[in-house]
Amino acid sequence: MEYQSGAVRPIDSISEGWNLIKNDYWTYFLMMLVMGVIVIIAALILGTVNTAITRVLSGVLGIATSDSADVAKASAAILPQIIGQIIGYFVNLVVVTLSGVLVCGIYKSLSKLANNGIKADFSDLFSGFENVQSCFIYAAIISAIQFIIGVVMLFIAAAVGLSALGLGVAGLITKDGQLNPAIFGGLLLAIFAFVGVSIVINLIISALTAFVFPLIAERNLSGAQALSLSVKSGLANIGGLILLLILMFFMILGGVFACFIGVLFVAPILSAALFSAYRSVFGRVQTGYQNNPPPPPNFGQQPGY
């Protein structure tokens, strides 16, 4: 499937997205609201179960290693987190699949509106269940990637923590009980670097997977095909996509400052902006629908006229 390189214009995408949905804004607002409630409830229930299991394991291992060496205590602290990451993989699998199905419903509605001028209907939200298999495949792949990244970052954080523990004995605290500013500054720098790397990784992953659900919804691709094509087209438009995601972040931040409720009002615009960016890269889907009727037949050139 062909796609354009360097086609994403962040400001234009947001403007075109708003122009697309402005006459049906409240329908999309309701769709986003219901989708958010469903996904949040599912995530809270599954996340609570995951947290409870992790805490129980932490408590049991903490008691079992209370009289052990520091290495055993550190291992007992890390093991529940690894198990939590494993459980979190399946939690993320369910949440991403569910949210993906609902997002696909919204993109199907946006596609009908953009291509054929068909007004949005709230029932469109659930039309994405037609693509549940593709969403599940994508969720399995992306959850596995996030799991691996999470485990690696966990071990890095553990290494930094153990280093800090050693430094606390060796030199973080001076003889007069004061913090050593050089070592403390180094630890802060390591923490900021860790957070910065995490943000950059998440931003790149978000940019490369931005078109997965539109491709599933509008082009009816499988999860693996949509992910592969989204990554390729994302790399060809990485600068514009990252700038678009940053602008979207500031729009969300503005919604958070508006007593959090503002997020609900910008959410439909963000979905439409991503869809507009997707259309600028992949173009319009050719459908059999015609906006204008065909010309009438010319009976004057037939025999008898």
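Analyst: Helix α6 (residues 212–219) and helix α9 (residues 262–282) pack at an angle of about 70°, with their axes 10 Å apart. Axes here are lines fitted to C-alpha atoms, for helices over the stretch in contact, and angles run from 0 to 180 degrees between N-to-C directions. Helices (H or I, at least four residues) and strands (E, at least two) are DSSP runs, numbered from the N terminus.

User: How is α6 oriented relative to α9?

Analyst: The angle makes α6 roughly perpendicular to α9; angles under 35 degrees count as roughly parallel, over 145 as roughly antiparallel, 65 to 115 as roughly perpendicular and the rest as oblique. From α6, the residues in contact are P214, L215, E218 and R219, and from α9 they are F275, Y278 and F282. Contact means heavy atoms within 4.5 Å.

User: Before going on, what kind of model is this?

Analyst: This is a predicted model, in which local features need pLDDT of at least 70 and side-chain atom pairs count only at pLDDT 80 or more, while totals for chains, interfaces and linings use all residues. Residues are numbered from 1 along each chain as its sequence is written, and side-chain values use heavy atoms, with hydrogens and water left out.

User: How many helices and strands does the chain have?

Analyst: The chain has nine helices and zero strands. Of its 305 residues, 37% are buried, where buried means under 20% relative accessible area, exposed over 50%, and partly exposed in between (1.4 Å probe, protein chains only). Among contacts between residues at least 6 apart in sequence, 77% join residues at least 24 apart.

User: Back to α6: which of its residues are buried?

Analyst: Seven of the eight residues of α6 are buried, namely V212, F213, P214, L215, I216, A217 and E218. Just after α6, N220 has a positive phi of about 60°.

User: Which residues have the most contacts inside the largest nonpolar core?

Analyst: Those are F211 and F213, in a core of 61 residues. Helix α3 (residues 70–116) supplies the largest share of this core, 14 residues. A nonpolar core is a set of buried Ala, Val, Leu, Ile, Met, Phe, Trp, Tyr and Cys residues joined through side-chain atoms within 4.5 Å.

User: What does F211 touch?

Analyst: Not counting residues up to four places away in sequence, F211 touches V8, S230, S233, L241, L274, A277, Y278, V281 and F282.

User: And S233, buried or exposed?

Analyst: S233 counts as buried because its relative accessibility is 0%. S233 lies in helix α7 (residues 223–236). With residues up to four places away in sequence left out, S233 touches Y3, F211, V281 and F282.

User: Turning to α8, which of its residues are buried?

Analyst: In α8 the buried residues are G240, L241, L244, L245, M248 and G255. Seen down the axis of α8, they fall within an arc of 130°, so they line one face of the helix. The arc is that of the directions from the helix axis to the C-beta atoms. L243, F250 and F257 are exposed residues on the face of α8 turned away from its buried side.

User: How does α1 meet α8?

Analyst: The axes of helix α1 (residues 10–21) and α8 come within 8 Å and cross at roughly 55°, which makes α1 oblique to α8. P10, I11, S13 and I14 of α1 make the contact with G240, L243, L244, L247 and M251 of α8.
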